[in-house]
Amino acid sequence: GDRRLAALDRVVERHPYLAEGWRFRGAAWRERGWARAGGAPSLAWAEADLTRAVELRPQWAEAWADLAWARYARGDAAGARAAFERAGTLDPTHVGIGRSRSDFAARMARR
């Protein structure tokens with residue numbers, strides 16, 4: 001939790017050009033936001049970090065899928081849908097992204 005985020009803070013501080021650091025820190029913020037009541041600030045940090053990751057590596061499908069989940073967690077279904085579409089376009093055979101897109105579609109169908 002906090003130790004992981006602190007370590008990733010140092011990574012992105014020292015190496016702001018490493019998309020992996022931004023993605024991993026964004027995923028850690030997203031996990032924290034989902035796990036706690038009142039997680040909105042953590043989810044906002046997650047979306048910001050994951051946005052930075054895809055800015056640095058715009059062809060990175062997994063980072064787009066992570067961004068989609070962060071947007072979904074913040075209540076932005078349209079933004080999540082767009083990010084999942086981008087991820088699927090970039091890597092249409094990625095099994096994990098395919099599962100995530102299916103899970104997202106099922107959640108949207110239940111709404």
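## Salt bridges and aromatic pairs in a predicted model

The side chains of D66 and R23 form a salt bridge, with 2.5 Å from N to O. A salt bridge here is a side-chain nitrogen of Lys or Arg within 4 Å of a carboxyl oxygen of Asp or Glu. This pair links distant parts of the chain, with D66 in helix α4 and R23 in helix α2, 43 residues apart. Helices are DSSP runs (H or I, at least four residues), numbered from the N terminus. D66 counts as buried at 11% relative accessibility, and R23 counts as buried at 16%. Buried means under 20% relative accessible area, exposed means over 50%, and partly exposed lies in between (1.4 Å probe, protein chains only).

The model is predicted: local features need pLDDT of at least 70, side-chain atom pairs count only at pLDDT 80 or more, and totals for chains, interfaces and linings use all residues. Residues are numbered from 1 along each chain as its sequence is written, and side-chain values use heavy atoms, with hydrogens and water left out.

### Other salt bridges

The structure holds 12 salt bridges. Side chains of opposite charge can pair when their charged atoms come close.

E47 is buried at 15% relative accessibility, while R74 is partly exposed at 45%.

E85 is in helix α5 and R101 in helix α6 (residues 95-110), 16 residues apart. E85 is partly exposed at 42% relative accessibility, and R101 is partly exposed at 29%.

### Helix α3

Helix α3 (residues 40-56) has 17 residues, and its end C-alpha atoms are 25 Å apart, which agrees with the 24 Å it should span at 1.5 Å a residue. The expected span is 1.5 Å times one less than the number of residues. Among the buried residues of α3 are L43, A46, E47, D49 and L50. The cover over the buried residues of α3 includes α2 and α4, where contact means heavy atoms within 4.5 Å.

### Aromatic rings

Rings of Phe, Tyr and Trp (its six-membered ring) pair if their centres lie within 6.5 Å; planes under 30 degrees apart count as stacked, over 60 as edge-to-face and the rest as tilted. By this rule there are 7 aromatic pairs. W34 and W69 form an edge-to-face pair, 6.1 Å centre to centre with 65° between the planes. W34 in helix α2 (residues 19-35) and W69 in helix α4 (residues 61-73) are 35 residues apart. W34 is partly exposed, with a relative accessible area of 44%, whereas W69 is buried at 10%.

W69 also pairs edge-to-face with F84, at 5.1 Å centre to centre and 85° between the planes. F84 lies in helix α5 (residues 77-90), 15 residues from W69, and is buried at 2% relative accessible area. W34, W69, Y72, F84 and F104 form one aromatic cluster.

Conventions
Helices (H or I, at least four residues) and strands (E, at least two) are DSSP runs, numbered from the N terminus.
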